[in-house]
Amino acid sequence: ARVAGAPLVEHVVRRAAAAGASGFVVVTGYEAEPVEAFLADLADRTGLRIDTVRNSDWARPNGVSVLAAEARLDGEFVLLMSDHLFDPAILRDMMSADRPGALTLAADFAVDNPLLDLDDATKIELGEGGRIVRIGKVLPRYDAIDTGIFIAGPALFEALRASLAAGGSGSLSEGVQALADSGRAFVRDCGGRWWLDVDDEAAFAKAEAALG
């Protein structure tokens, strides 16, 4: 199916399901009602469990949306961006691998990947053993790019709340940085597999070309 013919979230859900995910919690905000209606229909069409939770502060950074889902999640979970498409093998590999910390992020080490928008990409500086040292859109040096595919647990919620209490903006990267500062955030190489952050018209065209 063409991306233009279906919301990106359907592609994300289907790719995650292909990787082995069996249930979903989708955080809605802007135009929540039509999005939730679409997701209810998608659940009917796929047989997947898709729950929704609304973030009334949807204009704030994305970590606030992550916190909105906390009550619906128990233990370890996969965290995905609704506009990041990916090869299901990336997530399948992460789910089957050992994970040493509180959070694992799929990272793209091909920083010269022509699909990347480096001006907008979230960058990662790494230490030994795949440990995240720094994460953010503006770093003086970096080793990899954040794909937006995570496996995390309750410690991420705690880190996000602590960041907000300390005056942070509420971004997911701030929560990841807090875990990184305590040595609990790691990356796993996506292995050069395909993924794409679809956040502008140029990226949308790339997605259409890739998906046909």
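Visitor: In which strand is H84 found, and why is H84 called buried?
Guide: In this predicted model, H84 belongs to strand β4, residues 84-86. Its relative accessible area is 10%. Buried means under 20%, so H84, at 10%, is called buried.

Visitor: What makes the approach of the H84 side chain to T147 a polar contact?
Guide: The side chain of H84 reaches the backbone oxygen of T147 at 2.6 Å. A polar contact requires a pair of N or O atoms within 3.5 Å, and the 2.6 Å between H84 and T147 therefore meets that distance cut-off.

Visitor: Which side chain does the side chain of H84 join in a polar contact of 3.2 Å?
Guide: That partner is the side chain of D197. The value of 3.2 Å for H84 and D197 also lies within 3.5 Å.

Visitor: How do you know that V53 is buried?
Guide: V53 is found in strand β2, residues 49-54, and has a relative accessible area of 12%. Because buried means under 20%, the 12% of V53 places this residue in that class. The C-alpha atoms of V53 and L73 are separated by 11 Å, and the two residues are 20 apart along the chain.

Visitor: N113 has its place in a loop; why is N113 called buried?
Guide: The loop in question runs between β5 (103-108) and β6 (123-126). N113 has a relative accessible area of 18%; the limit is under 20%, so N113 is buried.

Visitor: With which side chain does the side chain of N113 make a polar contact?
Guide: The side chain of N113 makes a polar contact with that of D108, at 3.3 Å, a value within the 3.5 Å cut-off.

Visitor: Why is D200 called partly exposed?
Guide: The relative accessible area of D200 is 35%. Buried means under 20% and exposed means over 50%; 35% falls in between, and D200 is therefore partly exposed. D200 lies in the loop between β10 (195-197) and α7 (201-211).

Visitor: Which residues of helix α4 are buried?
Guide: In α4, residues 88-96, the buried residues include P88, A89, I90, L91 and M94. At the start of α4, a side-chain oxygen of D87 comes to within 2.9 Å of the backbone nitrogen of A89.

Conventions:
Residues are numbered from 1 along each chain as its sequence is written. This is a predicted model: local features need pLDDT of at least 70, side-chain atom pairs count only at pLDDT 80 or more; totals for chains, interfaces and linings use all residues. Side-chain values use heavy atoms; hydrogens and water are left out. Helices (H or I, at least four residues) and strands (E, at least two) are DSSP runs, numbered from the N terminus. Buried means under 20% relative accessible area, exposed over 50%, partly exposed in between (1.4 Å probe, protein chains only). A polar contact is a pair of N or O atoms within 3.5 Å; within protein, one must be able to donate a hydrogen and the other to accept it, and residues adjacent in sequence count only if both atoms are side-chain atoms.
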